[in-house]
Amino acid sequence: MSEDSPRSTAAEIPVTSNGEIDDSLDHNFTRDLKRALPPGLGLSETQITSHSYDSTKEGIIEAGPFQDGLRASRRSGPVVLAEDPKNPAMEKLELVRRWSLNTYKCTRQIISERLGRGSRTVDFELEAQIEILRDNKRKYEHVLKLAQTLSSQLSQMVQTQRQLGDAFADLSLKSLELHEEFGYNAETQKLLAKNGDTLLAAINFFISNVNTLVNKTIEDTLITVKQYENARIEYDAYRTDLEELNLGPRDATTVPKIEQSQQLFQVHKEKYDKMRGDVSIKLKFLEENKVKVLHNQLVLFHNAIAAYFAGNQKQLEQTLKQFHIKLKTPGGDAPSWLEEQ
C-alpha cells in the first residue's frame with residue numbers, strides 16, 4: 001500500500017514517546033460519538049465508563065438518572081447466590097431423585113425374583129389368607145353376575161305377565177261367552193306379576209348388598225394388600241443391598257455407605273411390619289363382616305325364591321318386611337328430589 005493512500009481513523013491509535021496511549025484519543029472519540037448520537041440525546045444523558053483489562057470490574061454503560069445507583073451497585077462487589085435448603089425446587093428435585101432410586105431398586109428386585117435369582121420374604125399364613133380372599137372375590141363376582149342375569153330375565157317375565165294380564169282383561173270385557181275364562185287368566189297373570197315384583201325387589205336387594213361387599217369392602221382390603229406387597233418388595237430390595245454391602249470390604253469409603261444402607265433398611269422394615277399388621281387386622285374384620293352380610297343375604301334369597309315358587313304370597317311379603325325392603329309400585333312415578341331428602 002502507498003504511503004499517500006488514506007488510512008482509516010479507527011486504525012490510528014496515537015502513542016506517546018513512553019508507550020502510553022495519547023489522551024487526545026478520548027477527545028476525538030467523544031467528538032465522533034456526539035456526531036453519531038441521534039438528535040435529542042446528548043452526552044450529558046449517556047456516559048460510557050471503561051476499565052482496563054486488569055481491573056476487577058467489567059465495562060459498564062450507565063444512563064440517565066440511574067447512573068449513581070449503578071455505580072453504587074458495582075462498587076458493592078460480586079453477588080453470591082446461596083442455595084436455600086428450603087427452596088421448593090430443590091426439595092422437588094430431591095424427591096424425584098429418591099423416587100427414581102427407589103423405583104430402580106424395586107424394579108431390580110422384581111426382575112430378580114421373577115428370574116429366580118433373588119430371595120423374597122414370605123409370610124406363609126398371611127399369603128394363604130390373601131389367596132383365599134382373591135379366590136372368594138372371583139367366585140362372589142360370578143354369583144353376582146348370575147344374580148344380575150336372573151334379575152334381568154325376571155324383570156322381562158314380569159313385564160310380559162303384566163301385559164298378558166291386561167290383554168286377558170280386555171278380552172274378558174269384549175267376549176261375553178268367554179268372560180269368566182279370560183277373567184280368571186287375567187287375575188292369575190296379574191297376581192304372578194305382583195309376586196314377581198316382590199321377588200324382584202328381594203333379588204335386587206341381594207345384588208346391591210353383595211355388590212357392596214365385593215366391590216367396596218373386599219376391594220378396600222385388597223388395596224391394603226397391594227400396599228403391603230409393595231412394602232414387601234421395598235423391604236427385600238433394601239435388604240438385598242445391605243447384604244451385598246456387608247459381603248464386601250470395609251474401609252473409609254464403604255463404611256458410611258453401609259451405615260446409610262442400614263438406616264434405609266430399618267425404615268423399610270418398620271414400614272413392612274406395619275403394613276403386614278394392617279393387612280392381618282383388615283382380613284380379620286373382613287371375614288367377620290363377610291359372614292354376617294352373606295348369612296343375611298342368603299337367608300333372604302332362599303326365603304324369597306321358596307315363597308315365590310310355592311305361591312305363598314303372604315310369606316313372600318313377610319320376607320321383604322323382615323329385611324326392611326320397600327317394594328316399588330310397578331309403573332309408578334319416580335319420587336321427587338324433595339321426597340328423597
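A: H5 and H7 cross in a left-handed way: left-handed is the word when the near helix is turned anticlockwise from the far one by less than a right angle, and right-handed when it is clockwise. What you have here is a predicted model, where local features need pLDDT of at least 70 and side-chain atom pairs count only at pLDDT 80 or more, while totals for chains, interfaces and linings use all residues. Residues are numbered from 1 along each chain as its sequence is written, and side-chain values use heavy atoms, with hydrogens and water left out. As for "helix", it's a DSSP run of H or I with at least four residues, a strand is a run of E with at least two, and both are numbered from the N terminus.

Back to our pair. Two packed helices are described by the angle between their axes and the distance between the axes. The axes of H5 (residues 179–247) and H7 (residues 313–322) come within 10 Å and cross at roughly 25 degrees. An axis is a line fitted to C-alpha atoms, for helices over the stretch in contact, and the angle runs from 0 to 180 degrees between N-to-C directions. H5 and H7 are therefore roughly parallel; that label covers angles under 35 degrees, with over 145 being roughly antiparallel, 65 to 115 roughly perpendicular and the rest oblique.

Who is touching whom? Leu191, Lys194, Asn195, Thr198, Leu199, Ala201 and Ala202 of H5 meet Gln313, Leu316, Glu317 and Leu320 of H7, where contact means heavy atoms within 4.5 Å. Sorted by class, that contact of H5 with H7 has 6 nonpolar, 3 polar and 2 charged residues. In this sorting, Ala, Val, Leu, Ile, Met, Phe, Trp, Tyr, Cys and Pro count as nonpolar, Asp, Glu, Lys and Arg as charged, and the others, Gly among them, as polar.

Now slide along H5. Gln189 sits in this helix too, and with a relative accessibility of 14% it counts as buried (buried is under 20% relative accessible area, exposed is over 50%, and partly exposed is in between, using a 1.4 Å probe and protein chains only). If you skip residues up to four places away in sequence, Gln189 touches Gln161, Leu164, Gly165 and Phe168.

H5 has another partner in H3 (residues 88–114): those two pack at an angle of about 90 degrees, with their axes 9 Å apart. That makes H3 roughly perpendicular to H5. On the H3 side you'll find Asn102, Lys105, Cys106, Arg108, Gln109, Ile110 and Glu113, and they meet Arg232, Ile233, Glu234, Asp236, Ala237, Tyr238, Thr240 and Asp241 in H5. The contact of H3 with H5 comes to 5 nonpolar, 3 polar and 7 charged residues.

Lys137 is buried, at 12% relative accessible area. Leaving out neighbours within four places in sequence, Lys137 is in contact with Val214, Ile218, Glu219 and Leu222.

H4 also goes with H6: their axes come within 12 Å and cross at roughly 25 degrees. That makes H4 roughly parallel to H6, and the crossing is left-handed. From H4, Leu126, Gln129, Ile130, Leu133, Asn136, Tyr140, Leu150, Leu154 and Met157 meet Arg276, Val279, Ser280, Leu283, Leu286, Lys290, Leu294, Phe301 and Tyr308 in H6. By class, the contact of H4 with H6 has 13 nonpolar, 3 polar and 2 charged residues.

H6 itself has 56 residues, which at 1.5 Å a residue should span 82 Å, and its end C-alpha atoms are 78 Å apart, which agrees (the expected span is 1.5 Å times one less than the number of residues). His302 lies in H6 (residues 254–309) and is exposed, with a relative accessible area of 53%. His302 and Thr319 are 17 residues apart in sequence and 9.9 Å apart in space, C-alpha to C-alpha.

H6 is followed by Gly311, with a positive phi near 75 degrees. Most residues other than glycine have a negative phi. His324 is exposed, at 70% relative accessibility.

Zooming out, the protein has 8 helices and 2 strands, and 24% of its 341 residues are buried.
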